[in-house]
Amino acid sequence: MMGFFLNSMEVILRGAGVTVKLTVASLLLGAIIAIFVALAQVYGKWWINLIATTYERILRSIPILIIMFMVFFGLPTFGIRFDPFLAAIISLGLRSSAYQSQIYRGALLAVSEGQIMAARSVGMTGIQTFLHISFPQAARFSVAPLTNEFTIVLKDTSIAYAIGVTELLREGTYIVSTTYDPLLIYSMCAAVYFIMTFGTNKFVSLLEKGFAIPGYEVRGVERG
Amino acid sequence: MAEFIKVFFQAFPFLMSGLKFTMELAIISIIFGLGIGMLISTLRVYGGRISYTFSTAYVEIIRGTPLLVQLFIFYFSFPQIGIHLSPIVASIISFSLNSGAYQAEYIRGAIQSVEGGQMKAALSVGMTKWQSIRLVIMPQALRKVIPSWTNEFVYLVKYTSLAYLVGVPELTAQGEFVASRNFEFMNVFSGVAVVYLFVILAITWFFSSLEKKVKIPGV
């Protein structure tokens, strides 16, 4: 019994490694796209804003499973093929970019107008104002919602199961199909996910306290 | 584009039969979830130490694990302890329990945003604690929760697509079924995406008009 548990744990942890890679890669891809979308929404001309907003709304309205199917099964129609792992990163990354753009947009808008005016009036350029005034505050405003986004992406990597990525849940399913002990194995999978999400949340909230500017803390309830 | 329209209309009857299941799953689960959410949030805010611990553990565990794993536990693991659930029942149970935890968090936030003095006032005019919660706090909290509740409904509609993985013939499953026969994967899944998009726009519009309708001026 103990041997079975340890052997299963080894396989599940290998899956957890893939889950972490998927999560980190998707979040980074999402962040890069999201920064441009957010800048377009906050500082862009009306038609750039319109394109960015349409992109964001559409990606936020389509289930992640459908996005994965479009990238993995749909794009080969145009001769673009990805392996399951890459397809999962692209899908999760695109979807996350839509959510992350809203985080950055909100954070940029949360920096008060008066501070921007003050910075400009002491002779800072637009770029300097952004780098020294808006960005340092906006980055802090983003931490709490980004933790939520991290949890969402981490949990949704389990959906990459559907296109055949051998992440945590699929490794678990492989064990189930050879040993037939779904209750233990899926509970172990759930426990590993829980440790990852709960641990990160606790860690980040400590980090947040360390970097907080007194009087500027933000915490909200978001689906995450 | 012409090709897309042709494929979309061929797939349309299948997608609509799938949409029926998608909406059934989402509506039943959001209602059960609302019940769970109201119960759990009340326990978390007004409960004693034991009920607080249990309800908090419930919320943290559900929010810390993926919905797909929860679904797999109900559908694939429960038969091991002698509970056999049909795909649709397993989906409804796991979606309701999942949504309940998130709704509990939204409602808890709303309850705490209702002024503390109102509870004292209600108790001082002779209401019981249960009456104060039911007649004074909840009606205000539920109004405040509508925007995040709309979000939750939108999330739930999107996540019902996971029911496809345990064999419920909902919208995504029907799309997969059509696409695996005519090999028009991009066109069919774009069509499915368009259907989800319309449903979600309709939901958002409906609830924002509901919010205006039930609004109490000044609160």
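Predicted model: local features only at pLDDT ≥ 70, side-chain atom pairs only at ≥ 80, totals over all residues.
Chain A first. How many helices and strands does chain A have? Chain A has 8 helices and 0 strands. If you read along the sequence, the pattern is α-α-α-α-α-α-α-α. The C-alpha atoms of chain A fill a box of roughly 70 × 45 × 25 Å along the principal axes. Chain A has 224 residues, and 40% of them are buried. Now take the contacts in chain A with a separation of 6 or more: 76% of those are between residues 24 or more positions apart.

Next, the two chains together. Here 30 residues of chain A are in contact with 35 residues of chain B. On the chain A side, α2 (46–61), α3 (64–74), α7 (168–179) and α8 (182–211) each supply at least two residues. Which helix gives the most to that side? That is α8(A), with 10 residues. Sorted by class, the side of chain A that touches chain B has 22 nonpolar, 6 polar and 2 charged residues.

Last, the helix pair. Two packed helices are described by the angle between their axes and the distance between the axes. In chain B, helix α1 (residues 2–46) packs with helix α4 (residues 87–113) at an angle of about 45°, and their axes are 5 Å apart. An angle between 35 and 65 degrees counts as oblique, so α1(B) and α4(B) are oblique to each other. The crossing of α1(B) and α4(B) is right-handed. The residues of this contact divide into 15 nonpolar, 10 polar and 2 charged.

Definitions and conventions. Residues numbered from 1 in each chain as written. Chains lettered and ligands numbered in written order. Axes fitted to C-alpha atoms, helices over the stretch in contact; angles between N-to-C directions. Helix = DSSP H or I, 4+ residues; strand = E, 2+ residues; numbered from the N terminus. Parallel < 35°, antiparallel > 145°, perpendicular 65-115°, else oblique. Left-handed = near helix turned anticlockwise from the far one by under 90°. Nonpolar A, V, L, I, M, F, W, Y, C, P; charged D, E, K, R; others polar. Contact = placed C-beta atoms within 7 Å. Buried ≥ 20, exposed ≤ 12 C-beta atoms within 10 Å, placed from the backbone.
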